[in-house]
Each structure stands twice: as C-alpha cells, then as structure tokens.
Amino acid sequence: SSSPKHSILGNLNDAQKRAVSSDAATVAILAGPGSGKTHTLTSRVVWLVDCVGYRPEDVVVATFTVKAAREMKERIGKALGGGREKKLVLGTFHSISRRYLAAYGRQIGLSQKFGIADDSDSRAIVLRICKRLQLTIDPPTARAWISKKKAKGTEPETGSNVAFSRKPPPKKTAGQEELETCYKEYQDQLERSNLLDYDDLLVRCVELLRKFPSCVSNIQTVLIDEYQDTNGVQYELMKLLAQQHRRITVVGDPDQSIYGWRSAEIRNLWRLLREFPGADEISLEENYRSSQSILDLSLLVIQQDKKRYQKVLKPIHNKGTRPVLRKLKSASAEAEWIVSEIKRTLMMSGEMLTYNDVAVLLRSAALSRHTESALGKAGVAYRMVGGFKFYDRVEIKTVLDYLRVIHQPENNDALARIMNVPKRGIGDVTVKGLVEEAEKSSQSLWTLLVKHCRGDRAAKTKITKHAEQKISGGLLRLLDGVRKRIEQAANDPGSPFGLVEIIEQLLVALDFQKVLQNAHPDDHEQRWANVQELISLAADFVRDLDQTGDEEVLPEIEGIEQVKEVDVLARFLANVSLAADAQTKTGDEETKSLVTISTIHAAKGLEWPIVFVPAVYNGSIPHMRSEDGDEERRLLYVAMTRAQSLLYLSCPSYSSNGNGERNELSPFISPISSSFAKKGPCFDRPVVAEIARILGRKLPPEADIFKAMPAMFCPEDNLFPVDPDEARKLAAAEMMHGEGSSSNDAPRMKRLRLSG
Ligand code: ATP
Ligand code: MG
C-alpha cells in the first residue's frame with residue numbers, strides 16, 4: 001500500500017499524531033473528556049497493525065463496556081479492511097478473561113463447562129448463606145466485602161484460589177470472622193456449582209497467565225481505554241497480558257474516575273508510570289466534542305474539587321447555546337417538560353436532529369420511571385442502557401435459568417429457582433430442604449433429584465409422591481429432552497437446530513405462554529413480549545457470531561492445548577452474564593430513531609448532541625448512599641461532558657415520595673446556577689446553524705420554514721405538548737400568508753397550544 005500512515009494520521013492534531021505513532025514501549029495519554037482519547041487509541045491500533053506490522057491476533061485491546069468494544073471494533077474494521085479486526089483480542093477485561101479461561105482454563109483445573117454467576121446470582125448466594133448460618137452481618141455489605149477482597153489483587157506466590165488464600169489480617173473482630181466464614185462458604189458454593197463470579201473471571205485468569213505465561217507468549221502489546229477505572233486485579237491482568245514485551249498504551253482521565261465503589265484505583269496510574277519507567281506521557285488539550293458554553297460549565301463543576309490533577313482543556317467550537325437549568329414542580333412535571341423540549345428541539349431543527357440524538361442520563365436506574373412514562377404517553381420510543389436489568393425480569397430469568405441448567409446441570413441455584421416454576425406443587429420449604437441436603441452431602445441438586453426420582457431411599461428430604469412425579473416426569477424429562485436434541489444436532493452438522501431453536505423448543509415444552517397467562521393475568525402480554533425480545537437478542541447474537549466467524553478462538557500456541565469453544569449456548573449465556581450494559585428496546589421493532597435512557601455510569605465514553613440530566617438535587621446527586629462526594633461530582637461532570645450541542649439540567653422542587661418534602665438543588669450546581677439559562681433556547685436560524693456546525697451536519701432546508709419567525713418557538717411554561725406535524729403545517733401556512741415577520745406572536749402561540 002502506498003502510504004497507510006498518511007490516511008490514519010490525516011485528521012489528527014499534533015499531540016494525537018504523536019500518541020498514535022509513538023514507538024515508546026509505554027504510552028500514557030492523560031486528557032479530559034472529548035479530547036479524542038478513544039479516537040487516538042483506536043487509531044493507534046490501526047497504526048500498530050498497518051504500519052508497525054503486528055498481527056491483529058497479537059494485540060490486546062481492553063475497553064470498559066461491551067458497547068464500546070463493539071464500536072471500536074467497527075471503526076478499526078473500517079480502517080484495516082479485510083475483516084482483520086476480528087482477530088484482535090478486543091473486549092472488556094471480563095470477556096477477555098473468559099476467552100482465555102475457556103481456551104486454557106483446564107490447565108488450572110477449571111472444568112470446561114464453567115458458568116458465570118452475575119451480580120444478582122452472587123447477591124442471592126450470599127443472602128442464602130447469611131440466612132442459613134444465621135450470620136449477623138448485612139448481606140449486601142458482605143457481598144461488597146468479598147468482591148473488594150478479590151478485586152484488591154493477588155500475591156504471586158499463593159495457591160490455587162489466589163484471592164482466597166491471602167493471609168488473614170492479624171486482628172479479627174466478630175464481624176470480621178463472620179465475613180470470612182461467609183466468604184469461604186460463598187466460594188465453596190460457587191465451586192460446587194461450577195460457577196465463576198465476575199471477580200473470579202479476573203482472578204482465575206491472573207492465575208492462569210501467571211502459571212502458564214506461554215498462553216500469552218504471542219501478545220505484542222496491550223492497549224487500555226478508560227484506564228482510570230481499572231482496579232487492582234485488572235492492573236495485574238494488564239501486566240500479565242503484556243508480560244512478553246511489556247508494551248502498554250493506556251488512556252484515561254482521573255476526573256472521570258467513577259468506579260471507586262468497585263475498587264477502581266486512580267493510583268494504578270502512578271503505579272504504571274513507576275513500574276514501567278520511560279513512558280511517553282502525552283496530553284491532549286483540545287475538546288472536539290462540546291460547545292464552549294457546555295465545556296465551560298462542566299469545568300466549573302469539576303474545578304470545585306481542589307485536590308484534582310489539573311489539566312488543560314480548550315474547546316475548539318464556538319460558544320453555542322447556553323446550558324439550561326430548570327426547576328419544575330414534580331418529577332412527573334420534569335419528565336413532561338423534558339419530552340416537550342425534545343419535541344420542540346427536533347421540530348425546530350427541521351429534521352436535522354432525531355430521537356437518536358437525545359439522551360436522558362440518570363444517577364440511578366430507579367429514576368427512569370417518570371421519563372419512561374412521559375415518553376410512553378407521547379408515543380416516543382426509547383432504549384434503556386445500563387443497570388435496568390432486562391435480564392433480571394422474572395420471566396427472562398426463568399428462561400435463562402432453564403438454559404443454564406440445560407447447559408450445566410450442576411448449577412444448583414438456577415435449578416432451585418426453576419423447580420417450582422411453573423408451579424409443580426413443590427413448596428419453598430421442600431426446595432430449601434433439598435438444596436441444603438445437596439449442600440451438606442456435597443452433591444449437586446441435580447444428582448440428588450435424580451436419586452429421589454429413582455426412589456433412592458438414602459435421600460432424606462421428604463417430597464410428596466405427586467411432587468416426585470412432577471419432577472421426574474416434568475422437569476427432569478423436559479430438560480433431558482432439550483439436551484438430547486442439542487446433542488443430536490451437534491452430531492448432525494446439517495441440522496438447522498441452533499440457539500433460537502433451543503429456546504423455542506424450551507418454550508413449547510414448558511408451554512410458557514400459558515404459564516405466564518396463569519401466573520401473571522394482568523401483564524402476561526408484556527412479559528411474553530419480553531420473552532420474544534430475548535429470542536431476538538439470541539438471533540442477533542447468532543448473526544453476530546456468523547459474521548465475525550471464529551473471533552473467540554485464540555491463535556495456536558506451541559506446547560499448550562487449546563479448547564475450541566463451539567457451544568453456542570455456552571457463549572450466549574456468558575454473553576448475557578457479561579452484558580451489564582445490555583440494551584433493551586421498547587415500542588415498534590422497526591422504529592429506527594430512539595431516545596436513549598441511560599445511567600450516567602453506562603454513558604461513560606459516549607456522546608450525544610442533546611443531553612438531559614434530570615434530578616440534580618441533593619440526595620440524588622450526590623446520592624444519599626454514596627460516601628464519596630468527590631466521586632459524585634465526577635459523575636455529574638461525566639454526565640455534562642457527554643453533551644455536544646444542548647445540555648439541560650433539571651430538578652423537581654418537591655420529592656416524589658408524596659410527603660411534600662422540598663428538594664434542594666445539588667451543591668455542585670447551586671454555586672453556579674446563575675450561569676445557566678432558565679428556559680430552553682429560542683431556536684432561530686443562527687442557533688440551529690450553530691448546532692449543525694458543532695455536529696458537522698448539513699443544515700437542512702426545512703429549517704428555512706422557521707427563519708422568519710424566531711420568537712414564535714420560544715418556550716412558554718405551559719406550551720406543551722406540541723404536535724410537530726401540526727406545528728409545521730401551521731408555520732408553513734403562515735409563511736404563505738406573509739405573516740412570518742410579524743412581531744405579534746400571541747395569536748400564533750395560542751393556536752399552537754390548541755393543537756396540543
Ligand atoms: P471521553 O473522555 O469522554 O471518553 P475521549 O477523550 O475518549 O472522551 P473521543 O470520544 O475519542 O474523546 O472523541 C470525542 C469526539 O471528538 C469524537 O466524536 C471524535 O470523533 C472527535 N475527535 C477526536 N479527535 C478529533 C480530531 N482530531 N478531529 C476531529 N474530531 C475529533
Ligand atoms: Mg473515550
């Protein structure tokens with residue numbers, strides 16, 4: 001090729017170019033939001049493959065979310081061509097770890113068919129242990145303690161379960177002892193069910209790479225995005241992945257460190273610079289994302305933190321439209337205002353902006369209720385990202401639990417949950433008794449059930465004849481049937497029996513639609529729709545696999561046997577467990593344009609032309625349960641810096657718990673509240689043109705319609721809802737009658753209001 005270097009570096013500024021093409025072993029890019037860190041990292045991957053000549057399969061790229069991984073892969077793919085991006089070892093730390101464990105886990109005694117315990121599984125297990133052993137500790141605290149302990153990192157010389165065999169602290173309180181008991185019990189239980197939790201995935205991979213460095217002997221270099229949010233184990237993992245050549249590129253921003261509660265440590269940055277001396281440290285100082293006024297206000301927020309590491313960040317764009325701070329009576333009034341403001345903006349942009357350009361970013365998932373219902377009422381489709389627990393819905397969880405048991409019969413928890421779903425006349429007490437019996441006798445619940453049903457009298461827990469029949473004739477037979485079908489299909493490559501068929505056969509065998517009708521007479525239709533959504537997610541997953549081919553397979557390495565993972569069900573379940581930022585859609589399947597509702601955490605690294613941050617009151621942000629006010633401030637900073645052109649903060653005056661409590665504006669915002677506009681902008685032609693400029697879009701001719709009547713669409717408190725079609729017709733009609741430049745807006749305002 002003539003000059004690939006040229007095309008990669010073409011659009012970058014000087015600092016970015018230097019970062020992309022640096023030949024230092026360690027490169028650390030520390031820079032603010034929107035300065036092109038991710039963009040630069042992506043370009044560096046292309047550079048390393050195209051210009052330095054690394055094989056893609058020898059390059060590791062770690063991103064923070066599954067979504068970010070997908071987007072990065074796509075961009076790299078476009079630049080590299082020939083589908084070469086598929087060979088990169090690219091994903092979140094968790095998915096990279098899972099890939100290595102699936103391929104080589106046998107070396108460290110991992111059973112091949114391990115499953116993944118997601119957060120809710122872990123919580124449930126800890127809860128049960130605390131109850132059974134009558135521990136006085138608070139289960140969520142215990143869960144967090146266990147996770148912290150695992151995440152803190154591992155010492156090289158310890159045994160098989162690295163995290164667990166750390167030396168106990170010298171002095172133990174009663175609480176401490178209980179925590180450790182709970183930890184041990186929890187770990188035993190995971191092992192019995194052949195499950196790894198999120199932390200284990202990392203810890204066990206660390207163990208693997210430490211004992212069998214040859215697994216990563218091919219790796220030339222490791223690149224990491226959102227480095228500020230790596231924790232101790234991830235740091236360890238990074239070092240081990242790069243152990244052959246010690247070439248590491250990290251990009252991050254200490255101001256956007258928002259995972260301290262998950263043991264992320266900014267300290268890892270200084271540790272890296274110490275342990276890998278001679279790093280090329282590069283700062284990027286231009287913000288390409290946001291208008292100047294959005295950036296200015298965001299910086300006013302983060303600069304309240306006096307201890308922070310100062311950086312330069314200059315906007316490249318013009319002032320733009322002043323961000324809005326709006327107080328409304330209640331959370332529902334707030335949500336309605338948001339929807340009307342969205343509609344007004346899209347309409348005024350003359351179709352330049354669509355619902356896809358809008359995000360509503362929330363401190364906690366629990367706040368989504370009002371926004372969802374207001375959007376729903378207005379007929380606006382939306383997608384939910386992050387922390388909204390699609391996979392935690394009862395009906396979804398049930399189907400997944402069945403799939404988990406089909407994949408892995410020794411998954412006791414999943415089996416316990418489905419034993420009486422649908423109702424088989426097996427009471428909670430019986431289930432509990434069986435689970436305990438299994439635990440005490442160190443056999444799996446599955447084995448125990450099989451024994452029961454064979455009439456093995458050694459089994460102690462009493463179950464009725466009726467229940468026994470239901471288990472053996474119903475549950476076990478059903479599961480066996482599906483499993484047999486899968487095996488058959490595996491032996492017959494011509495068979496079209498895939499993941500979707502597995503799920504569909506399961507649903508038929510369960511008569512699941514009927515089951516939902518009986519169990520949930522009020523909302524079974526919605527639940528069935530959710531199940532359909534799961535099938536379509538599975539179909540998407542299979543399609544992705546087909547397109548990307550054998551991406552999960554690592555390159556052959558001499559002297560070490562690799563297990564090739566062909567089981568699509570296993571991969572799908574792992575994917576579900578690791579997709580913490582899974583998306584769900586509502587409304588019409590075919591709708592292309594959707595408003596995004598996301599937690600701030602899941603919005604990290606992303607950008608939207610229009611961003612709303614509701615509920616900026618004390619107790620919401622900073623959150624009342626948070627102990628780290630600085631982290632809460634950084635969270636607000638992350639939210640605000642997602643916006644490109646328009647930023648709206650809002651706050652309901654009264655709390656929605658119904659006791660008339662007043663909300664106090666967030667202390668991060670109150671000192672600077674006078675810098676905000678109180679109402680949304682008047683969208684005259686120059687405003688819309690400026691938005692177009694920031695987004696690099698073409699100003700559509702439709703916007704001309706509104707050219708002559710700038711004042712007309714200034715918001716008024718009660719000016720909603722506005723029907724865009726109606727308004728456009730009205731505006732066009734008025735243009736025809738030559739009234740456009742009239743200074744008297746009152747009659748038109750009235751007519752608009754009537755149209756709503
Ligand atoms: P964050 O800290 O929020 O993750 P970031 O530093 O990773 O931000 P990017 O997402 O990489 O920033 O870039 C922000 C926006 O700026 C993107 O739309 C990107 O395409 C654009 N951008 C980055 N560098 C340039 C450049 N040199 N010229 C034009 N646009 C750029
Ligand atoms: Mg980024």
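Colleague: Where is Pro 422 placed?
Modeller: This is a predicted model, in which local features need pLDDT of at least 70 and side-chain atom pairs count only at pLDDT 80 or more, while totals for chains, interfaces and linings use all residues. Residues are numbered from 1 along each chain as its sequence is written, and chains are lettered from A and ligands numbered from 1 in the order in which they are written. Helices (H or I, at least four residues) and strands (E, at least two) are DSSP runs, numbered from the N terminus. On that numbering, Pro 422 belongs to the loop between α16 (412-418) and α17 (428-440).

Colleague: What is omega for the peptide bond from Val 421 to Pro 422?
Modeller: Most residues other than glycine have a negative phi, and most peptide bonds are trans. The bond from Val 421 to Pro 422 is cis. Its omega is near -5°.

Colleague: Ile 621 and Pro 622 are also joined by a cis peptide bond; in which loop is Pro 622 found?
Modeller: The bond between Ile 621 and Pro 622 has an omega of about 5°. Pro 622 sits in the loop between β16 and α24.

Colleague: How many residues of helix α24 are buried?
Modeller: A residue is buried if 20 or more other C-beta atoms lie within 10 Å of its own, exposed if 12 or fewer, and partly exposed in between, with C-beta atoms placed from the backbone. The buried residues of α24 include Leu 635, Leu 636 and Tyr 637. Of the 12 residues of α24, the number buried is 9.

Colleague: How far does α24 (residues 629-640) reach from its first C-alpha to its last?
Modeller: The expected span of a helix is 1.5 Å times one less than its number of residues. For the 12 residues of α24, 16 Å is expected. The model comes close to this, with a reach of 17 Å.

Colleague: Which residue of β17 stands opposite Arg 326?
Modeller: β17 also pairs with strand β11 (residues 324-328), in the parallel sense and over 5 bridges. Because 10 of the 10 residues of β17 are buried, the strand is largely enclosed by the rest of the structure. The residue of β17 opposite Arg 326 is Ser 650.

Colleague: Why is strand β7 described as largely enclosed?
Modeller: Ile 248, Val 250 and Gly 252 point one way from β7, Thr 249 and Val 251 point the other way, and all are buried. Strand β7 (residues 248-252) is therefore largely enclosed by the rest of the structure, the count of buried residues being 5 of the 5.

Colleague: Through which helix does the chain cross from β6 to β7?
Modeller: Strand β1 (residues 26-30) runs parallel to β7 and is joined to it by 5 bridges. Strand β6 (residues 221-224) is parallel to β7 as well, with 3 bridges. The chain makes a right-handed β-α-β crossover from β6 to β7 through helix α10.

Colleague: Is Arg 246 buried, partly exposed or exposed?
Modeller: Arg 246 is in the loop between α10 and β7, and its phi is near 50°, a positive value in a residue other than glycine. It has 13 other C-beta atoms within 10 Å, so Arg 246 is partly exposed.

Colleague: How many other C-beta atoms lie within 10 Å of Val 20?
Modeller: Val 20 is in helix α2 (residues 14-21). Two residues are in contact if their C-beta atoms, placed from the backbone, lie within 7 Å; among the residues that Val 20 touches are Ile 8, Thr 40 and Trp 47. Val 20 is buried, and its count of other C-beta atoms within 10 Å is 26.

Colleague: Which helix gives the most residues to the shell around ligand 1?
Modeller: A residue is near a molecule or strand if its C-beta atom, placed from the backbone, lies within 6 Å of it. 18 residues surround ligand 1, and the closest are Gly 36, Lys 37, Thr 38, His 39 and Tyr 288. With 3 residues, the helix that gives the most is α3 (residues 37-52).

Notes. Two strands pair if DSSP finds at least two bridges between them. A crossover is right-handed if, with the strands pointing away from the viewer, the path from the first strand over the helix to the second runs clockwise. Lists of a residue's contacts leave out its neighbours within four places in sequence.
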